[in-house]
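The sequence and the structure are shown below. The text after them goes through one chain part by part.

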Amino acid sequence: MRGFTRDSIVQLLDRKTIWLFAVVTVIMVAALIVVGNARFQGGPHGEIEFDAREINEMLGNPMLSVFSSFVSFLVILTVLLTAGTIPVMLVPGRAEFYLSKPISRTAILLNRLWGIMVAYGLLIVICGLIGYATMYFVFSVSVSGIIYLFLLNLISLFIWLSITFFAGVALGSTSMAIVTAGLVWFAQWVLQARELIKGVVDSRALEITLNVMYFVLPNTGDLSDLTVKLASGARVADWAPLYTSLGFAIILMIVTLVIFNRKNY
Amino acid sequence: MNVVVTEDLTKIYNAGMKKGGITALDGLSLAIGQPEIFGLLGPNGAGKTTLLKVLLGITRISAGSATIVGLPPDNPASRRKVGYLPENHRFPPHLSGLGLLEFTGRLYGLRRNVIDSRAGSLLDMVDMDKWANTKITKYSKGMQQRIGLAQAMMSDPEILFLDEPTDGVDPVGKTEIRKVLQKIRDEGKSILLNSHLLSEVESVADRVGILSRGKLIKTGSVDELTSRESQFEIEAEFGNKLFEIPAEVGKKISLSMNRLIVELKDEKQVNWIIDHLRLKKINIRAVKPIKISLEQSFIETVTEREVDQS
Ligand SMILES: Nc1ncnc2c1ncn2[C@@H]1O[C@H](COP(=O)(O)OP(=O)(O)O)[C@@H](O)[C@H]1O
Ligand SMILES: [Mg+2]
């Protein structure tokens, strides 16, 4: 990949980002162990004692959702930490270094994207597996669909990166890239509550706007619900969040490449 | 074959804007052969950096055409045999000197063993092997320029684009960089050297172009640009003998301390002067064409043009 993957790993190690991931993982592991060793009293007079493992089983494995949130958090962390990648690459004096090489601009951007996906993807999977192993030993639950959980989180990483890459190329600033990702994140929360909003505000125009936005913007919230379902082996009825979000990311990447190819540096 | 050819190359920044944009290059035609060091001189804002960026496809052409090794800049393959040291460069800060060379090699698609051997010999050439594993951000300006030169040489280029390579470097560093440029020239590479520092260009360039407001207004060898047309200085033992020059030959500019300065209609008329000096039994010690510094030539060319325009 023309050295971009290796460079992304070098950059990741150089920024000591890895420690941040380590800290988050240690906290997660510690929390799992503490919760896992807790005893809970049940029954009318508190005469029955349960351990965390039994409760988890009775409640239908909520630990899976906790674990899924942990992996999603690693994804968000990655998005924030890498939001500056493109703007920093394209500052005056450095853009020239990349653009003067015998590679197309499209290849530069896609290789960089791939580099981040590999470098941070590996980190997410490693931290995730440490968390999963802890969960397995503490709660003795094995999740058959754990591979889907990682896969869908990597897809979600790609979706968020398409947004920060777009903002990085179009607006050229790290803070704008973070703000853009934040706005999309906020919008998809609003969209999750679209049925509620439609019920409260009776406006045809608003309803149409919400529906259109729901299909245009990525729905990472719905996507994470889908992820948990898929991981726990439940049947997924509606794949729309995956398709629309992935479609959004691919189209946004194409738009980003078109803009990048037309720009003067 | 010419490595770089431009024809009526024009670049207008922000052409879509209401004010009409900034014309940075204005119908520039240029050919650089191999091997030669072509010095592009011009005041700040003349368009030197823009020319390099346009040739490398970093900035898009507005009109006209350009080719490098026969390929247009929008073809990435045109950059395969080109090296570039940007002005005010900021290489990726997480890299060491060696790391920069290795990453550069990979960006050029070179194989591992080629990268290793080339990085080694280039570090040696620019005298940076001791600092190979130190981060670039810790380098002095002179060291940064040297590692920048090594980086530009990674592709074993046929042509090297150097944008103000000695800018901001102290005199010792400048001498070191000049030494490296000589070595590169000795290897038979072509160099397009941008500078607003005339002395820099004068000392290394085979051919010089003067760029002003996006137009190439003069090109020629350093000799051609600096020799004052048909002016000669003649040292001879005039004593108190008179020496007149007829108008059809030229005119006397000054005569003092046995030193005669003449401007001739034609260079060959210098023979007439010598003949007549000998006829008058005046002893000749030296006859030499008058040269002006490149700086003077440059200033004259640029100001002449500005007077023309106003
Ligand atoms: N990215 C840009 N956008 C708009 N104008 C620019 C840009 N880059 C350079 N210019 C203008 O183009 C002209 C030529 O600049 P430049 O090529 O940097 O000159 P030089 O390198 O000879 O100092 C200047 O007037 C400069 O202000
Ligand atoms: Mg310049």
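Does B:Asp156 count as buried, partly exposed or exposed, and what is its relative accessibility? The structure is a predicted model, and in this model B:Asp156 has a relative accessibility of 33%. Buried means under 20% and exposed means over 50%, so B:Asp156 counts as partly exposed. B:Asp156 sits in the loop that runs between helix H4 (141-153) and strand E6 (159-163) of chain B. Its phi is near 50°, which is a positive value in a residue other than glycine. Most residues other than glycine have a negative phi.

B:Asn88 also has a positive phi, near 45°. B:Asn88 belongs to the loop between E5 and H2 of chain B. At a relative accessibility of 53%, B:Asn88 counts as exposed.

Chain B contains 9 helices and 13 strands. It has 310 residues, and 47% of them count as buried. The C-alpha trace of chain B spans about 75 × 50 × 35 Å along its principal axes.

Strand E3 (residues 37-41) of chain B is a part with much cover. Of its 5 residues, 5 are buried, so the strand is largely enclosed by the rest of the structure. The cover is found on both faces of E3(B). B:Ile37, B:Gly39 and B:Leu41 are buried on one side, and B:Phe38 and B:Leu40 are buried on the other. E3(B) also pairs with other strands of the chain. With strand E7 (residues 190-195) of chain B, E3(B) pairs in the parallel sense over 5 bridges. Here B:Gly39 has B:Leu193 as its bridge partner in E7(B). With strand E8 (residues 207-212) of chain B, E3(B) pairs in the parallel sense over 4 bridges. In E8(B), B:Ile210 is the bridge partner of B:Leu41.

The next part is the site of ligand 1. Which residues surround ligand 1? The shell consists of B:Tyr13, B:Asn14, B:Ile22, B:Ala24, B:Pro43, B:Asn44, B:Gly45, B:Ala46, B:Gly47, B:Lys48, B:Thr49 and B:Thr50. By class, 5 of these residues are nonpolar, 6 are polar and 1 is charged. Strand E2 (22-32) and helix H1 (48-55) of chain B each supply at least two residues of this shell. H1(B) gives the most, with 3 residues.

Oxygen atoms of ligand 1 make several polar contacts with the protein. A polar backbone atom of B:Gly45 is 2.7 Å from an oxygen atom of the ligand. For B:Gly47, a backbone N or O atom lies 3.0 Å from an oxygen atom of ligand 1. In B:Thr50 the contact is through the side chain, where an N or O atom is 2.5 Å from an oxygen atom of ligand 1. Taken alone, ligand 1 exposes 560 Å², and the protein buries 65% of that.

Ligand 2 is a magnesium ion, and its protein donors are B:Thr49 (OG1) and B:Glu87 (OE). B:Thr49 lies in helix H1 of chain B, whereas B:Glu87 lies in the loop between strand E5 (82-85) and helix H2 (97-107), so the pair ties together parts that are 38 residues apart in sequence. B:Thr49 is also one of the residues that surround ligand 1. B:Glu87 is partly exposed, with a relative accessible area of 25%.

Strand E11 (residues 250-256) contains B:Lys251, which is partly exposed at a relative accessible area of 49%. E11(B) and E12(B) run antiparallel and are joined by 6 bridges. In E12(B), B:Ile261 is the bridge partner of B:Ser254. The two strands form a hairpin with 2 residues between them. B:Met257, in the turn, has a positive phi of about 50°.

The side chains alternate along strand E12 (residues 259-264). B:Leu260, B:Val262 and B:Leu264 point to one face and are buried. B:Val262 is 11 residues from B:Lys251 in sequence, and the two are 5.8 Å apart in space, C-alpha to C-alpha.

Conventions:
Residues numbered from 1 in each chain as written. Chains lettered and ligands numbered in written order. Predicted model: local features only at pLDDT ≥ 70, side-chain atom pairs only at ≥ 80, totals over all residues. Heavy atoms only, no water. Near = heavy atom within 4 Å. Polar contact = N/O pair within 3.5 Å; in protein donor to acceptor, adjacent residues only side chain to side chain. Areas by Shrake-Rupley, 256 points an atom, 1.4 Å probe, with all protein chains shown as cover. Nonpolar A, V, L, I, M, F, W, Y, C, P; charged D, E, K, R; others polar. Donors = N, O, S within 2.8 Å, 3.2 Å for Na, K, Ca; no water. Buried < 20%, exposed > 50% of the residue type's maximum accessible area, 1.4 Å probe, protein only. Pairing = 2+ DSSP bridges.
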